[in-house]
Amino acid sequence: MHENAAAAPEAGTPTATTAFPLGLRLAGAAVHLYTASGSVLALLIVIAAFEGDAVTALWLGLATLFIDGTDGMLARHFRVKETIPWFDGARMDDIVDYLTYVFAPIVLLWTTDRLPEGPIGWVVAALPLLASCYQFCRVDAKTADHFFLGFPSYWNVVAFYAIVLDVGRTGVAIALAVLTVLVFVPVRYVYPSRTKLLRGLNLALAGMWLASYAVLLAQYPNPNPVVVALSIGYLVYYVGLSLYLTVGARLRSRQGSRQAVEPGR
């Protein structure tokens, strides 16, 4: 996810057309196209899901994860906010993320019979869709210091483990319900490519998790327990670090508030 929206240039100031070389502007446009390609992959995931090819759908999901993990860095490198100021890349990124992280994974869970039958299944499928609609429209969904506020709609990760680890309908339903509630709980989740604290370590571990995703998918339907443990270990680290930083930030905020009301010495 990246934030490359910018206000229109003020009158009298150089525009992107005159201030930047053509090559840089074309590079910025290519980055936007790179991000937009995720919407096409979302369609292909849905098609694969309805064709009963869950493995292909998950490989396509890995491609969307890679794109989303790299397009923000490319956008900042090629200064897309400055070179194409009239184009809201952040809005496009959110649209693509909703398709790839939310809608397509729920379709995949539905077509692989991972959701309960009957009306309960419809309700369980609707919960992530509605919760993520809310989250994606929150102005504070990404904090100023680069954290996600509330569970960051990683429904694609849920779908991946549900299929690769052959989780039953009840387990998937419970996971979706619990994580839907966590969308509204203001825990500050680490943004691996942007959160400054331990950024190098977080990026390295996120890369290792992506590698474990590929290995587990290649081993499907017989995943190696060691690879499973390493993969889930990253999730434990990610959630644990996010909780630790959230609690620490709140304690510091309370301490600062108490000091502010104490009389000067």
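This is a predicted model: local features need pLDDT of at least 70, side-chain atom pairs count only at pLDDT 80 or more; totals for chains, interfaces and linings use all residues.
Residues are numbered from 1 along each chain as its sequence is written, and side-chain values use heavy atoms, with hydrogens and water left out.

View A. A cavity here is a set of points, on a 1 Å grid over the protein atoms alone, where a 1.4 Å probe fits but cannot get out; lining residues have an atom within 4 Å of a point. Points are joined across faces, edges and corners, and the volume is the space filled by probe spheres set on them. The lining splits into 2 nonpolar, 4 polar and 4 charged residues; among its members are Asp-68, Asp-71, Asp-93 and Asp-97. Helices α2 (22-50), α3 and α5 each give it two or more residues (helices are DSSP runs of H or I, at least four residues, numbered from the N terminus).

**View B. The largest cavity, with its lining.** The whole structure has 2 cavities of 30 Å³ or more, and the largest comes to about 90 Å³. Its lining has 9 nonpolar residues, 3 polar and no charged. Look for Ile-45, Leu-58, Asn-156 and Tyr-213, which are among the lining residues. At least two residues each come from α3 (54-77), α5 (89-111) and α7.

**View C. The largest nonpolar core, around Leu-109.** A nonpolar core is a set of buried Ala, Val, Leu, Ile, Met, Phe, Trp, Tyr and Cys residues joined through side-chain atoms within 4.5 Å. Leu-58, Leu-109, Trp-155, Leu-176 and Tyr-213 touch the most other members of this 58-residue core. Helix α7 (residues 155-164) gives the most to it, 9 residues. Beyond four places away in sequence, Leu-109 touches residues including Arg-114, Ala-159 and Leu-176 (contact means heavy atoms within 4.5 Å).

**View D. The Arg-114 and Asp-166 salt bridge.** These two side chains meet at 2.9 Å, N to O; a salt bridge is a side-chain nitrogen of Lys or Arg within 4 Å of a carboxyl oxygen of Asp or Glu. The partners sit 52 residues apart, Arg-114 in the loop between α5 and α6 (118-136) and Asp-166 in the loop between α7 and α8 (169-183). Arg-114 is buried at 11% relative accessible area, whereas Asp-166 is exposed at 57% (buried is under 20%, exposed over 50%, partly exposed in between, with a 1.4 Å probe and protein chains only).

Terms used:
On a 1 Å grid over the protein atoms alone, a cavity is a set of points where a 1.4 Å probe fits but cannot get out, and a pocket is an open set with protein on both sides within 12 Å along at least five of seven lines; lining residues have an atom within 4 Å of a point. Ala, Val, Leu, Ile, Met, Phe, Trp, Tyr, Cys and Pro count as nonpolar, Asp, Glu, Lys and Arg as charged, and the others, Gly among them, as polar.
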